[in-house]
Amino acid sequence: MRTGVMSRLLPVIRVQLVGWPNTLGFPWLLLVLIFGVNYALFWTIGEVDDGPKTGAVMSIYVIMFISAINSITQLFPFTMALSVIRRTFYLAVSLLLLAQSVAFGVVLYLCKVLEDATDGWGLGLRFFGLGFLDQGNPLMQILVYTVPFITLGFLGIFIAVFYKRFGMTGMYLLSIGTLLVLAALALLASGLDLWSGIGRWLGDQSVAAWFVGWPTLLAALLAGAGYLAIRRVTP
């Protein structure tokens with residue numbers, strides 16, 4: 001049974017990997033270039049109090065989000081033309097996203113280890129380890145890097161599927177509906193004087209909760225919503 005499922009998923013995954021330089025190579029090429037620019041900048045500036053820090057590593061997460069959107073908008077019509085059913089396509093996209101996220105998370109962790117070992121690449125630069133994200137447990141550190149990839153990937157997949165299903169009108173309605181719900185919640189919190197309690201609750205959340213726990217829950221919800229939506233999407 002498992003062999004049968006994998007035999008259907010693997011050809012779809014191979015189709016997605018045809019453009020592997022864009023899927024796997026481009027994100028790291030861009031991150032290396034951004035790292036080079038940051039390194040040259042801080043090397044030129046010289047000594048900085050508490051060492052130079054930059055959040056530019058987040059750029060690779062943005063690229064993952066965009067890549068997830070492209071996996072639906074560009075490959076979905078093509079694979080449907082190959083008589084691949086929607087369930088198989090969605091599972092293959094999800095499986096590749098999970099594998100890619102874990103691989104990217106591990107590489108970021110190894111880059112952080114190298115950064116720590118070289119005292120910030122000789123400059124005290126914190127590019128991969130941002131201080132507040134640092135975890136003493138290697139597995140938790142990898143999860144802190146990996147789970148946001150998964151969450152942003154499923155967010156991109158959901159947005160692309162929703163657009164294919166409902167078009168721009170649906171996207172406008174989704175945006176307006178989301179804003180109205182957020183505004184209603186904000187008004188409710190103000191009316192009930194809940195902001196101080198909400199602030200304390202947010203402040204009590206650990207880094208693991210912010211970057212692993214809650215993103216995992218959100219990713220599961222987005223994955224389920226995307227799966228339900230893609231069943232009626234036309235190529």
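Reply: The protein exposes about 13400 Å², and carbon and sulfur atoms supply 72% of that area. This is a predicted model. Of its 235 residues, 37% count as buried. The C-alpha trace spans about 60 × 50 × 35 Å along its principal axes. The secondary structure comes to 9 helices and 0 strands.

Now the core. The largest nonpolar core has 51 residues. Those with the most contacts inside this core are L31, F89, L108, F127, F128, F154 and I157. Two or more residues each come from helix 1 (2-16), helix 2 (20-45), helix 3 (59-73), helix 4 (75-81), helix 5 (86-117), helix 7 (138-191) and helix 9 (207-230). Helix 7 gives the most, with 12 residues.

Apart from its neighbours within four places in sequence, F89 is in contact with V12, S71, I72, L75, F76, T79, M80, V84 and I230. For the protein as a whole, 78% of the contacts between residues at least 6 apart in sequence join residues at least 24 apart.

D119, in the loop between helix 5 and helix 6 (120-124), has a positive phi of about 55° although it is not a glycine. D119 is exposed, with a relative accessible area of 56%. W121, placed in helix 6, also has a positive phi, near 60°, and is not a glycine.

Last, the charges: there are 13 positive and 9 negative side chains, and the centres of the two sets lie 32 Å apart.

Notes:
Residues are numbered from 1 along each chain as its sequence is written. This is a predicted model: local features need pLDDT of at least 70, side-chain atom pairs count only at pLDDT 80 or more; totals for chains, interfaces and linings use all residues. Side-chain values use heavy atoms; hydrogens and water are left out. A nonpolar core is a set of buried Ala, Val, Leu, Ile, Met, Phe, Trp, Tyr and Cys residues joined through side-chain atoms within 4.5 Å. Buried means under 20% relative accessible area, exposed over 50%, partly exposed in between (1.4 Å probe, protein chains only). Helices (H or I, at least four residues) and strands (E, at least two) are DSSP runs, numbered from the N terminus. Contact means heavy atoms within 4.5 Å. Accessible areas come from the Shrake-Rupley method with a 1.4 Å probe; for residues, only the protein chains shown count as cover. Lys and Arg count as positive and Asp and Glu as negative; His and the chain ends are not counted. The place of a charge is taken as NZ of Lys, CZ of Arg, CG of Asp or CD of Glu.
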